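Me: Could you please take a close look at one part of this model, namely the way its pieces pack against one another? I am new to it, and a connected account would be welcome.

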Amino acid sequence: MRSFSVIDFVSLVAALRWTVLLVVLALAFGAPLALGLATGRVSCFAPLRWAMAAIIQVIQSVPLLGLLFFFYFGMPVFLGIQVPAIIAVTVAYTLYTAAFLGEIWRGGLEAVKLAQWEAGSCLGLSLWQQFRHIIAPQALRLSLPPTVGFLVQLIKGTSLASIVGFVELARAGQVVSAATFQPLLTYALVAAIYFALCLPLTLWSRSLEARLDGSR
């Protein structure tokens with residue numbers, strides 16, 4: 001047993017880069033999928049709407065922990081493929097992000113009045129031009145605050161990656177706690193780091209919600 005030192009604190013801060021990396025990867029791969037799900041959910045083609053809704057419901061019905069377990073422990077069992085931890089958690093968080101952002105963005109798209117589409121059509125714009133120049137900017141304005149709010153949820157959710165051995169902030173806290181036998185101090189610092197990371201985003205989300213009020 002040893003006492004808590006500056007080196008332990010540095011190791012916690014260093015592990016934060018893996019938490020940030022997980023968030024970046026989840027957004028980089030999940031956002032395009034979310035956009036596809038959102039546009040599919042508002043499609044005029046009913047079977048596509050039903051398919052997108054079913055995909056979202058299935059993913060949202062499975063706990064994030066279940067997704068992590070499936071891709072890390074289940075893939076070797078069902079397919080005989082050993083999946084590295086970074087790939088397993090990236091796939092799990094990508095699907096998680098796609099499902100929830102897809103619903104957020106779907107709400108933003110549906111909140112734009114049908115008259116906006118009709119106005120674009122009267123101007124002779126194609127469906128893509130209507131979406132790009134008229135619908136998407138308004139939907140973005142409506143969806144940005146809850147998107148930032150989801151980002152806070154995603155950052156906190158990355159702590160579950162420690163279950164499969166991925167060494168991010170929460171896992172680094174476990175390692176330091178086991179080495180120093182000072183769990184109260186260690187986890188208080190871990191919580192403080194999460195708080196310092198999430199608080200600015202929470203305040204930004206509230207600010208955006210006030211400035212981008214869709215009812216005005």
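Reply: Two residues are in contact when heavy atoms of theirs lie within 4.5 Å. Of the contacts in the protein with a separation of 6 or more, 74% join residues 24 or more positions apart. The model is predicted, so local features need pLDDT of at least 70 and side-chain atom pairs count only at pLDDT 80 or more, whereas totals for chains, interfaces and linings use all residues. Residues are numbered from 1 along each chain as its sequence is written, and side-chain values use heavy atoms, with hydrogens and water left out.

The protein has 8 helices and 0 strands (DSSP runs numbered from the N terminus, helices being H or I of at least four residues and strands E of at least two). From the N terminus on, its elements run α-α-α-α-α-α-α-α. The C-alpha atoms fill a box of roughly 75 × 45 × 25 Å along the principal axes. Among the 216 residues, 39% are buried (under 20% relative accessible area, with exposed meaning over 50% and partly exposed in between, for a 1.4 Å probe and protein chains only).

The packing of helix H1 with helix H6 comes next. H1 spans residues 6-41 and H6 residues 127-157; they pack at an angle of about 140°, with axes 12 Å apart (axes are lines fitted to C-alpha atoms over the stretch in contact, and angles run from 0 to 180 degrees between N-to-C directions). H1 and H6 are therefore oblique to each other (under 35 degrees counts as roughly parallel, over 145 as roughly antiparallel, 65 to 115 as roughly perpendicular and the rest as oblique). On the H1 side, Thr 19, Val 23, Ala 26, Leu 27, Leu 35 and Thr 39 meet Phe 131, Leu 151, Leu 154 and Ile 155 of H6. These contact residues comprise 8 nonpolar, 2 polar and no charged (Ala, Val, Leu, Ile, Met, Phe, Trp, Tyr, Cys and Pro are nonpolar, Asp, Glu, Lys and Arg charged, and the others, Gly among them, polar).

Tyr 96 and Phe 150 form a tilted one, with 5.8 Å between centres and 35° between planes. Tyr 96 belongs to helix H4 (residues 85-111) and Phe 150 to H6, so the pair ties together parts 54 residues apart in sequence. Both Tyr 96 and Phe 150 are buried.

Ser 162 is buried, its relative accessible area being 8%. Leaving aside residues up to four places away in sequence, Ser 162 touches Glu 168, Ala 170, Arg 171 and Gln 174.

H7 in turn packs with helix H8 (residues 183-211) at about 160°, with axes 8 Å apart. That angle makes H7 roughly antiparallel to H8. H7 passes H8 in a right-handed crossing. The residues of this contact divide into 8 nonpolar, 5 polar and no charged. Ala 170 and Gln 174 are among the H7 residues that meet H8, where their partners include Tyr 187 and Val 190.

Key
Rings of Phe, Tyr and Trp (its six-membered ring) pair if their centres lie within 6.5 Å; planes under 30 degrees apart count as stacked, over 60 as edge-to-face and the rest as tilted. A crossing is left-handed if the near helix is turned anticlockwise from the far one by less than a right angle, and right-handed if clockwise.
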